[in-house]
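I opened this model to look up how its chains are built and how they meet. My entries follow the order in which I checked things.

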There are 2 protein chains.
Amino acid sequence: MDETASGDHESPHTALPTVKSGTIPPATASRLGLYLRELQHFLRGGTETIKSNSLGRRLGLSDSQIRRDLALFGEFGKRGVGYNVAGLVGALRKALGTDGQWSTVLIGLGNLGNALVRYRGFGQQGFVLRAIFEADRSKVGLNVDGVPIHDISRLEELLPSLDVQMAILAVPADQAPGLASRLADLGISGILNFAPVSLSTTRGVATVDVDLAVELQRLAFAVVNSDRSS
Amino acid sequence: MDETASGDHESPHTALPTVKSGTIPPATASRLGLYLRELQHFLRGGTETIKSNSLGRRLGLSDSQIRRDLALFGEFGKRGVGYNVAGLVGALRKALGTDGQWSTVLIGLGNLGNALVRYRGFGQQGFVLRAIFEADRSKVGLNVDGVPIHDISRLEELLPSLDVQMAILAVPADQAPGLASRLADLGISGILNFAPVSLSTTRGVATVDVDLAVELQRLAFAVVNSDRSS
DNA sequence: TACTGTGAATGAGTTCACAGCC
DNA sequence: GGCTGTGAACTCATTCACAGTA
C-alpha cells in the first residue's frame, strides 16, 4: 500500500463515538471510503437497504468481511433484511470525518495539479479548494474556476488567514519534503501527496502518498503473476 | 486498499525465477514499487550499498520488515555491509515485470487523462503510450505529444493491431465497467482504473483501481483519528 | 426464511531477538 | 563490529459456521 499516516493536529470536527466500541482497525478504515462510495450510489438510486452479499460482489470482497466491518457501526443491519443505506452513509461520513467541510489548498499547478483542480470528486465529498500556490510567476495572479493562484513564496504570509486543514501536494519529488515541512510548521493537519517520495516521515501531520508510477507497477506485477486458472 | 487484481492473459515477459523460493506475498508485492523508487534514487546518486535501516527510515517502515522483504531476493544483502543497490534494482524490475516495455493505451482524454499523457513517471518505468481513445469528436484526429487520438467507437477495429497489454482508464464511472469488459474481450492484460467504481470483478484481466476521492477520505480519517501523542 | 452478528479457527503479516557472516 | 537472514512469538485480519432475530 502506498500510504501512511501520522499527525497531531486537532480538526474542526467533533469526533463523537460513531463506533460501537473502541477504534476502527486500519484494514477496515482503508475500506470505509469504498463502502461510502457504493452506498452513495445506491442512495442516489433510491435503494433503501443493501445486503452484505451484493455490496461485497460490487467491491470484490467477501460477504463475511463486509459484515465484520459494518458490524462495527452496529445498528444499521437487520437480520433477514440487510443494511439501512441512508443510515450507514451518515455513519461512514462521520467516521471518516467527511461530514462537514474541509478547507484545502493545492500546491503546484502542473499537469496533475490542473487536473486535480477540476476534479469534481473532491468537492462532492466536502473538500473545498480555497487557494492554489505555484512557483511559476506567469500563472500567479490568475485564477482557475475562481480559485486564486498565489506565489509559493507567499505561503507563510497567506496560509494562516485561509484557515485550511488540508493540502494537496502536486510538485516535483525534490520539492515535496521541504514543502511538507513548511506546511506542517504552518499547522496543516493533512497532506495528500502525489510526488514520488514518501512523506510519512514528516512530523506532526497526517499524510497519504499516491504514486501513480507505483500503481502502474502494481498492475504490471498483477499481470505477470496472474493465475492462469481464474 | 484500493486495488485488486485477477487475470489470465500471458505477458510478453518471461517470468524467470527472480525469487529464492515460491511466490512473493501480496503485502510484500505491494511495497516493491516503493523499494524500487528509493533504490533508483540512490542509484542515480551513485550510492553502491544501502542498509535496511536507512531504506526503512526513508519509507517509514521498520528495518526488520525491509530485511524480511528483501531476503526473498536473497543474494544482494551482505552482512555487516548492506544491500547492493544496482543488483536489487535489477531484481525488483524483473519481479515487478518492468524490465522490458509495456505498450499502453489511454482511454478518456478529460482532465485527468490529459495530465496522465504528460506524466513522465510512466515512460520512465517502461510504459509506452501508443494511442488515446476518446469519445469527444472534436479531439479525434489530433495528437498529444505525437500520440494519436482515435474515436472510442473504433476501439475494436484499431486495438488488435496496436499490440498493447495495458490500458489506463480515465473515463466517467458509468462508462468504466462497459469499457473494461470491451478491453478484456480484446485481450488486454491489465487495466489501471481511475474511475470511482471497482473493476476488480471484470473477468479475465488484472485491474488496479485508484480512486482519488477515496484517498482524500483516507487522509481525512487519518487526521480525525491522529493520535495526539506523536 | 433469509439475512446479520459473532465466537472460534485459520491464515497472513510483522516484530523480536539473536545466530551467522562479512 | 555491524550488518543481514531467519526461527519463533506475536499481532492483526479474514474466513468459517452457525446461533440469533426480524
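Which domains does the domain assignment of chain A give? I found domain 1 (26-96) and domain 2 (102-215), with bounds that come from an automatic or database domain assignment. The centres of domain 1 of chain A and domain 2 of chain A, taken over C-alpha atoms, are separated by 31 Å.

I noted the ground rules. This is a predicted model, in which local features need pLDDT of at least 70, side-chain atom pairs count only at pLDDT 80 or more, and totals for chains, interfaces and linings use all residues. Residues are numbered from 1 along each chain as its sequence is written, chains are lettered from A and ligands numbered from 1 in the order in which they are written, and side-chain values use heavy atoms, with hydrogens and water left out.

Next I took the interface. Contact (heavy atoms within 4.5 Å) involves 73 residues from chain A and 74 residues from chain B. Of the interface residues of chain A, 100% are also interface residues in chain B, so the copies meet through the same surface.

The buried area (accessible area, 1.4 Å probe, that two parts lose on being put together, summed over both) is about 6,200 Å² between chain A and chain B, and carbon and sulfur atoms give 67% of that. On the chain A side, A:Leu216, A:Gln217 and A:Phe221 lose the most area to chain B, together 11% of what that side buries.

I then searched for salt bridges (a side-chain nitrogen of Lys or Arg within 4 Å of a carboxyl oxygen of Asp or Glu). The closest N and O atoms of A:Asp211 and B:Arg37 are 2.8 Å apart.
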